Amino acid sequence: MLTSDFDYDLPENLIAQYPTKRRSASRMMVLDKTKKEIDNKHFFDIVDYLGKDDVLILNNTKVIPARLLGKKLTGANIEVFLLKNLGDRRWEALVKPSKRVNVGNIINIADDLAVTTIEKSDSGKWIVELMYDDSRDIYDVLAKDGHVPLPPYIERKMTDEELNNLDYSRYQTVYAKTAGSVAAPTAGLHFTQSVMKKLKEKGVQIAYVTLDVGLGTFRPVKCDNILDHKMETESYHISAKTAKIINEAKAAGKKIVAVGTTSVRTLETAYQQYGCIKKCDGTSQLFIYPPYEFKVVDKLITNFHLPKSTLIMLVSAFAGKDFVFEAYKKAVENEYRFYSYGDCMFIS
C-alpha cells in the first residue's frame with residue numbers, strides 16, 4: 001500500500017488558523033460506516049448520539065509549552081523543541097537550525113532557563129539538559145519561558161503574547177491533567193464541561209487514558225510504501241479504574257467510544273501487548289493502517305487529518321478507506337475546517 005493512496009487536495013483556506021469561539025460549536029460530520037451514510041451536525045449534537053450503552057474514553061494528557069526560543073552565546077537564534085522528558089533535567093529534543101549547533105553549546109532561553117546540547121543522534125534528535133533553579137518545578141519554568149507548540153500549518157500575524165494568551169487555553173482540552181505532550185489530542189478540544197455533564201446525565205460512562213503525544217503522532221510519512229514507515233515510541237498509562245470500566249462494558253455488550261487517534265492507539269496497543277485491557281504503563285509504537293481488526297474500539301471521534309499522515313491511515317482502517325475519502329471530499333465541498341483547530345467527525 002502506497003503513501004500516495006492516502007493523499008487528497010485541500011484548499012489552504014480550509015486549514016483552521018483559530019479555534020471556534022465556542023468549543024462545542026465546531027461542525028461534526030457523522031459517518032455511519034455500516035449504512036455508508038453521512039450527515040452534517042455540530043459537535044454539541046454528540047449528546048444525541050451517545051447514551052447509557054456507550055463508554056467514552058478520553059486522553060487526559062496535558063500539552064506543555066515545549067517550544068523554547070533562545071540564543072547561542074554568539075547571538076544566533078536557536079529553537080529547542082522539547083519532545084520527551086528523560087529525567088535528571090535531560091530531554092529528547094529537536095534543535096533548529098541544527099547545523100548551527102554543536103555538542104556543548106549553551107542556548108540562553110530566559111534569565112532563569114538555559115539549554116546545553118549534550119548529544120546528537122543519527123535520527124537528528126538531540127539530548128539536551130535544561131539548566132534552571134532546582135527549587136522550581138520544570139513545568140512551572142516552561143509555563144513562564146516556553147511557547148505553545150502549535151503545528152507549522154498554523155500561521156497567524158499576532159504577537160507572541162497574543163498567541164500564547166489564546167493558545168494556552170484553547171490548545172488544551174478542558175480535562176487535561178497529566179503534563180507530557182508536545183501536541184494536543186485535538187479531537188478532545190471540542191468538549192466542554194457542559195457537554196460532558198449532559199453525557200453523564202444520559203448515562204454515558206467517561207474514563208481516561210494517558211498517551212503523551214509526540215513524534216509518533218505527528219511525524220510525517222516520508223517513504224513511498226507505508227510498510228517502511230516506523231512509528232516513534234510514545235508513553236501511555238491506563239489506570240485500574242479505566243481498565244475495570246472498559247472490561248465490564250465489553251462484557252455487557254456496551255460500545256467503546258474513543259476520542260482521538262491517541263486514545264485508539266493506547267487501547268489497541270494495550271490489548272496487543274496483554275490480550276486484554278488492564279492497569280499498565282508502557283510505550284506505543286503501533287502503526288494502524290488498512291486492513292486492521294480493532295479489538296477494543298467501536299466508535300471514534302476524530303478531527304480531519306493531514307494528507308498521507310498516519311492519522312488518516314488509522315481512520316481509513318476504522319471506517320474503510322473509500323468511505324473516509326468520500327467523507328473528506330464532501331467535507332471540502334462543504335467547507336469544513338481542517339486539522340488541529342478544525343472541525344471533527346463522529347464514526348459510528
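Two strands are taken to pair if DSSP finds at least two bridges between them. In this predicted model, strand 7 and strand 10 meet that description, pairing in the antiparallel sense over four bridges, and within this pairing Trp 91 stands opposite Val 128 in strand 10. Strand 10 also pairs in the antiparallel sense with strand 9, which covers residues 113-120, over six bridges, and here the residue that stands opposite Val 128 is Thr 117. Five residues lie between strand 9 and strand 10 in their hairpin, where Gly 124 takes a positive phi near 100°. The two faces of strand 10 (residues 126-131) are set apart by their covering: Trp 126, Val 128 and Leu 130 make up the covered face, whereas Ile 127, Glu 129 and Met 131 make up the uncovered one.

Leu 31 stands opposite Ile 38 in strand 2. Four residues lie between the strands of this hairpin, and Lys 36 takes a positive phi near 60°.

The lining of the largest cavity is drawn from separate parts of the chain, being made up of Pro 19, Thr 20, Arg 23, Ser 26, Arg 170, Leu 189, His 190, Arg 337, Ser 340, Tyr 341 and Gly 342. By class, this lining has three nonpolar, five polar and three charged residues.

The second largest cavity, with about 30 Å³ of space, is lined by Met 231, Arg 265, Phe 287, Ile 288, Thr 310, Leu 311 and Leu 314. Five of these lining residues are nonpolar, one is polar and one is charged. Helix 8 (residues 310-319) gives the most to the lining of the second largest cavity, with three residues.

Arg 265, one of the residues that line the second largest cavity, lies in helix 7, which spans residues 261-274. Arg 265 counts as buried because its relative accessible area is 3%, where the cut-off for a buried residue is under 20%. The side chain of Arg 265 is joined to that of Glu 234 by a polar contact of 2.4 Å. Apart from neighbours within four places in sequence, the residues in contact with Arg 265 are Leu 211, Gly 216, Thr 217, Met 231, Glu 234, Ser 284, Leu 286, Ile 288 and Leu 314. Helix 7 is also the place of Ser 263, which is buried, with a relative accessible area of 0%. When neighbours within four places in sequence are left aside, Ser 263 is in contact with Ile 57, Leu 58, Asn 59, Val 209 and Ala 258.

Glu 232 was considered separately, and is found in the loop between helix 5 (215-218) and strand 13. With a relative accessible area of 19%, Glu 232 is classed as buried, since the cut-off is under 20%. Two polar contacts involve its side chain: one of 2.7 Å joins Glu 232 to the side chain of Lys 125, and another, of 3.5 Å, joins Glu 232 to the side chain of Arg 219. Glu 232 and Arg 219 are 13 residues apart along the chain, and their C-alpha atoms are separated by 8.1 Å. Setting aside neighbours within four places in sequence, Glu 232 is in contact with Lys 125, Leu 215, Gly 216, Arg 219, Ser 284 and Gln 285.

Among the open spaces, the second largest pocket contains about 270 Å³ of space. Its lining comprises 18 residues, of which Leu 83, Lys 84, Asn 85, Asp 212 and Ser 235 are the closest to the centre of the pocket. The elements that give two or more residues to this lining are strand 6 (77-87), strand 7 (90-96), strand 11 (178-181) and strand 13 (234-238). Strand 6 gives the most to the lining of the second largest pocket, with three residues. By class, the lining of the second largest pocket has seven nonpolar, five polar and six charged residues.

Terms used
Residues numbered from 1 in each chain as written. Predicted model: local features only at pLDDT ≥ 70, side-chain atom pairs only at ≥ 80, totals over all residues. Heavy atoms only, no water. 1 Å grid on protein atoms, 1.4 Å probe; cavity = no way out; pocket = protein on both sides within 12 Å on 5 of 7 lines; lining within 4 Å. Nonpolar A, V, L, I, M, F, W, Y, C, P; charged D, E, K, R; others polar. Points joined across faces, edges and corners; volume = space filled by probe spheres on them. Buried < 20%, exposed > 50% of the residue type's maximum accessible area, 1.4 Å probe, protein only. Polar contact = N/O pair within 3.5 Å; in protein donor to acceptor, adjacent residues only side chain to side chain. Contact = heavy atoms within 4.5 Å.
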